[in-house]
Structures are given as structure tokens and as C-alpha cells.
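Please look over the structure shown below before reading on. The report that follows is meant to be read beside it.

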Amino acid sequence: MNSIRDTQPENVQTIIVGGGQAGLAAGYHLARRGLPFAILDANERVGDAWRKRWDSLRLFSPAAYDSLPGMPFPAAGHEFPTKDEMADYLEAYSERFELPVRTGVAVERLTKEGDRFVLTAGGRRFEAENVVVAMANYQRPRVPAFAAELGNGVVQLHSADYRNPAQLQDGPVLVVGAGNSGAEIAFEVARSHETWLSGNASGEVPFRIDGLAARLLLLRLVLRVFFHRVLTVDTPIGRRARRKLLTHGMPLLRVKSAQLAAAGVGRVARTTGTRDGKPVLEDGRVMDVANVIWCTGFEAGFSWIDLPVFSETGAPLHEKGVAGQEPGLYFIGLHFLYAVSSAMVQGVGRDAERIAEAIAGRVGATLPAVEGIPTLQRRAG
């Protein structure tokens, strides 16, 4: 039997790994420059990364700030899209511009042979001059090691697997992690279960994001100006904020402490271990609960990249998305890659354009930018 090394490789000038908003935006800008590329995505449908999240999830930014380059989001600007509306928008975006997304292709390893990048996915092998890793820092669900010590009678779910309260059994629920995901899930679960929210408070914005004042002024100021233009790696205040935001959670945006209290959600200390198969809090309290929902974040999930482009903490080393140690390797979609908005839909377009321009300069492209999107044959040829 032939090894993957013996498999005839498919050669593409640029491979984009990830077909979410970051990968699609990168594809759009490469296509406008007439550059050949392919997008590889592990999901079965474009937009599935959004479809697989919990049922009631809505974006934290209104539709006016949820558009990718070249195609407005099809909703009133003040509305907050659902996760399914966002998924459908991404699918429609890829179809409108005929972006070459290959779904069901999970890249398992990225390495380099000579001056060519090599990507393996199942029994397939791709070679490329350039690779764009278009993935967020949130790929692999993270749970504490002591989660394995909870009793078999306790239902455990990570927020990545939570869809709705019907997945839970009768009895109290402990939601571990007091960030935005934990607050929203606890608020929902409290309608049908006694619910406790465990973790340190991370602060909260002092206004309703769906209120009139926010719609007219605050969101425009925060999203368009502060997150997009002020808090960047090019400003002193942005560099200070970046150091903090990369290690601390965002403040509560939609569901606030007062709403949690009104819904009957109890606030408790951090969960630090187990005793007799039950969760134990930092203050020694044992929580006699039937369900635990881990809203404890995600690992970066970049272990498949077998290249020396990571810091001691495992974070990708890059300058505004350009991995200087490995010419031709780029990142997009990372938290605070260039600005706070870099991990938001409104920010990936700007980052993608910068990366596409870097690739065009590297390959010596002379084709002018075009308004239409080239055909698939031209892109992948």
C-alpha cells in the first residue's frame, strides 16, 4: 500500500485552511487579485461552525457590522443575527463569489519540504507556496483534568456540545465559567433548572447592547472606532490592551449580573476539584448537582502545524498575521491579530486584504484587482 508520501500531490499556489468568515474573506481578496487558491474546511457545509453552536445563540454585534467584503449582511442594521442566519450568510457568500471551498477535508498535518508547504488530509496530499491558517484560537474544547473524577450520574457537557436544556437531566445545574458563554447558557437553563454559575466575574459593559442609546451611538463608537481603529497593535493603548485581553475574558455584553440574579441564577466561587464525585468550589463548598456545563474555553488546537512558529506558550508567532519565521505562512482570524475586531466578522476583511496583498507581493503577481470573481478554473489552475 502506498504511503501518503507516495500519493500524487495536488499543487495549489495558496491553500487556505478553514472555511469560516476568515477563510472566505481571504479567498475573496485573493480572487480579486486573480491568484489561484483553494479553501479546505473540515465541516460538511460552509457555515457549520456556526450551526453547531447552541440553539439560542445570537451574535454580539448587530448586522451592520457583520458583513464580509463585497456582500452586506441581509438584515436590518440594528438586528442581532442568530447563529443560523450567520451560517446561511457565509454559505450564500461562498456561492455568490464561487469560492473554491472543499468541505469535508480535515487537514491533519502541515509541514514543509524544501520551499514547499505540505498538507495532509486523510489520504490526500497538497503542496503549496503559501498557506493561510484561517482559524480562531478556539478549536479544541478545554475542560479541567478533574472533570474525569465526577460521578457517572452527573451529565457533563462542554459549551461546544451544548444545544439546549433538553440535553440535561432533572436536577440542579452548575455552569462553570462566568464569561459571556457561561452567562448566556446559565440564563437560559435557569428557566427549567435550579442553576448555579461558578467563576470570577469579568466585569460587564454598562449599557444594553440592544438599547436605543447603544444603537445610535455606543456600538458605533465601540465597534467601528474603538475596537477597529483605536485598539490595534499600532497604538500604545492597543498594545497594552492586547496584553490584557489575550489572558483575560471579555466583559459580559448581553446578559448582565442583574438579569442573572432576576432569573434565579446563583453565583458561586470557582470550581477547583471534586469530592465524592461532586464538584468542589474554591471555598470548599461541595455542589450537589446533576449536571455540569463547562464554559471553560478552548485550546488553540494548532498541534497539527509541525513548524517552528509558536512561542513557549503555544501562541503563533506573527506580525499582523505574517509568520516571519516561515515565509509564505499566514494567520487570520486570531484574537487580536491586529485589532480587537480581528476575531469579529467586521475585522477579518481588513486583515484578509492585508494578507492577500502580502501573498501577491510574494508571488510577484502583476494581475490587477478585478471587480468580478475569477472562475474556479482560473483560481485553482
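Predicted model: local features only at pLDDT ≥ 70, side-chain atom pairs only at ≥ 80, totals over all residues.

The surroundings of L24 can be listed in detail: once neighbours within four places in sequence are left aside, L24 is in contact with G19, I39, V46, L68, L90, Y93, S94, L99 and V101.

Five strands, in the order β8-β14-β9-β10-β11, form an open sheet whose pairing is parallel. The strands β8 (155–158) and β11 (266–268) stand at the edges with a single partner strand each, so one side of each has no neighbour in the sheet. From one strand to the next, the twist averages 20°. Within the sheet, β9 and β10 (residues 195–198) pair in the parallel sense over 4 bridges, and V173 stands opposite T195 in β10.

Helix α4 lies across β9, β10 and β14 (291–294), and runs at about 170° to β10. Of the 10 residues of α4, 8 are buried, so this helix is largely enclosed by the rest of the structure. The buried residues in α4 are N180, G182, A183, E184, I185, A186, E188 and V189, and the buried residues of this helix pack against β9, β10, α7 (257–262) and β14.

In helix α6, which covers residues 236–245, the residues G238, A241 and L245 are buried. Viewed down the axis of α6, its buried residues fall within an arc of 65°, so they line one face of the helix. The face of α6 turned away from this buried side carries the exposed residues R240 and R243.

The buried residues of α8 are V345, Q346, G347, V348, G349, D351, A352, I355, A356, I359 and A360. After α8 comes G364, whose phi is positive, near 70°.

Strand β16 runs parallel to β6, and 4 bridges join the two; the bridge partner of V131 in β16 is L329. The side chains of β16 divide between two directions, with L329 and F331 pointing one way and Y330 and I332 the other way, and all of these residues are buried.

The loop between β15 (298–299) and β16 contains E326. With a relative accessible area of 12%, E326 falls under the 20% cut-off and is therefore buried. Not counting residues up to four places away in sequence, E326 touches K112, F117, L307, P308 and V309. The loop between β16 and α8 holds F336, which has a positive phi of about 55° although it is not a glycine. F336 is buried, with a relative accessible area of 0%.

With a relative accessible area of 76%, D276 is exposed.

K83 lies in helix α3 and, at 3% relative accessibility, counts as buried. Leaving out residues up to four places away in sequence, K83 touches W50, R51, R53, W54, D55 and L57. K83 and I359 are 276 residues apart in sequence, and their C-alpha atoms are 32 Å apart in space.

Definitions and conventions. Residues numbered from 1 in each chain as written. Heavy atoms only, no water. Contact = heavy atoms within 4.5 Å. Buried < 20%, exposed > 50% of the residue type's maximum accessible area, 1.4 Å probe, protein only. Arc of directions from axis to C-beta. Pairing = 2+ DSSP bridges. Axes fitted to C-alpha atoms, helices over the stretch in contact; angles between N-to-C directions.
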